[in-house]
Amino acid sequence: MSKVMEYVKNNELDWQPSFNDVLSDGLNGYRGALIVEEGKQLSPDRKLPPKIQAKQVIMVSNDKGIKLLACELESFNHFKPMFEKYKEFFTPDSLNILYVTDLDGNGTFTYEGIEFTAIMLDESSVWNELLEVADLEKGDMKKLSPAEKIEKMYDELLEADVQEAPKTYEEMCELIGESSKQLMGAV
């Protein structure tokens with residue numbers, strides 16, 4: 001288990017994980033949500049859902065830190081608390097892609113020496129967005145195991161152009177607008 005996942009487990013920061021296991025080459029894969037700010041503790045064994053979470057997380061990590069983090073943030077205002085909670089695990093070579101529901105524009109920015117690409121998320125899922133960026137077909141991915149899916153996604157994203165127009169963190173904050181995410185479901 002990577003240092004990141006040890007930290008997540010020891011501090012009970014995983015939320016509704018669908019995958020958490022070893023990949024090849026000493027990597028760890030995770031899909032689920034990560035708690036940024038915990039919910040209120042109602043009793044010793046009962047807690048409200050997290051106030052802030054990084055949703056739809058796809059993360060690849062090793063003993064040195066995060067190699068890939070892709071997730072949904074409900075607001076760009078949640079970026080700073082998320083970064084503070086996990087900053088010891090980001091490295092200058094981390095690939096970090098944030099899909100944010102209240103941005104009115106995209107950009108790649110550097111924060112405390114770590115590069116992040118933030119992209120508007122309006123109706124899709126992080127996984128579907130990453131499939132498009134990595135130029136992968138859903139049909140091909142369905143044939144793979146959960147671990148193989150994460151590895152394939154990671155390998156293809158390393159070769160993909162995930163950069164957006166360069167911006168400062170402050171310029172990204174100026175792009176915060178109303179949530180644009182369309183809820184999809186039965187009508």
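Visitor: Which residues have the most contacts inside the largest nonpolar core?
Guide: The model is a predicted one. Its largest nonpolar core has 34 residues. Those with the most contacts inside this core are F79, L98 and F109.

Visitor: Leaving aside neighbours within four places in sequence, which residues is L98 in contact with?
Guide: L98 belongs to the residues with the most contacts inside the largest nonpolar core. With neighbours within four places in sequence left aside, the contacts of L98 are C71, L73, F79, M82, F109, F116, T117, A118 and I119.

Visitor: How many residues does the second, separate core have?
Guide: This core includes L68, L131, L157 and V162. Nonpolar side chains tend to be buried together in soluble globular proteins. The second core has 25 residues.

Visitor: Is C71 buried or exposed?
Guide: Buried means under 20% relative accessible area. The relative accessibility of C71 is 0%, so C71 counts as buried.

Visitor: How are helix 3 and helix 5 oriented to each other?
Guide: Helix 3 (residues 126–133) and helix 5 (residues 146–159) have axes 9 Å apart and pack at an angle of about 50°. Angles under 35 degrees would count as roughly parallel, and 65 to 115 as roughly perpendicular. The two helices, helix 3 and helix 5, are therefore oblique.

Visitor: Which residues of helix 5 meet helix 3?
Guide: The crossing of these two helices, helix 3 and helix 5, is left-handed. From helix 3 come W127, L130, L131 and V133, and from helix 5 they meet K149, M153 and L157.

Visitor: Where does D25 lie, and what is its phi?
Guide: D25 is in the loop between strand 1 (14–22) and strand 2 (28–37). D25 is exposed, with a relative accessible area of 74%. Most residues other than glycine have a negative phi. The phi of D25 is positive, near 55°.

Visitor: Which strand does Q56 lie in?
Guide: Q56 has a positive phi, near 50°. Q56 is partly exposed, at a relative accessible area of 27%. Its place is in strand 5 (residues 52–62).

Definitions and conventions: Residues numbered from 1 in each chain as written. Predicted model: local features only at pLDDT ≥ 70, side-chain atom pairs only at ≥ 80, totals over all residues. Heavy atoms only, no water. Core = buried A, V, L, I, M, F, W, Y, C linked by side-chain atoms within 4.5 Å. Buried < 20%, exposed > 50% of the residue type's maximum accessible area, 1.4 Å probe, protein only. Contact = heavy atoms within 4.5 Å. Axes fitted to C-alpha atoms, helices over the stretch in contact; angles between N-to-C directions. Helix = DSSP H or I, 4+ residues; strand = E, 2+ residues; numbered from the N terminus. Parallel < 35°, antiparallel > 145°, perpendicular 65-115°, else oblique. Left-handed = near helix turned anticlockwise from the far one by under 90°.
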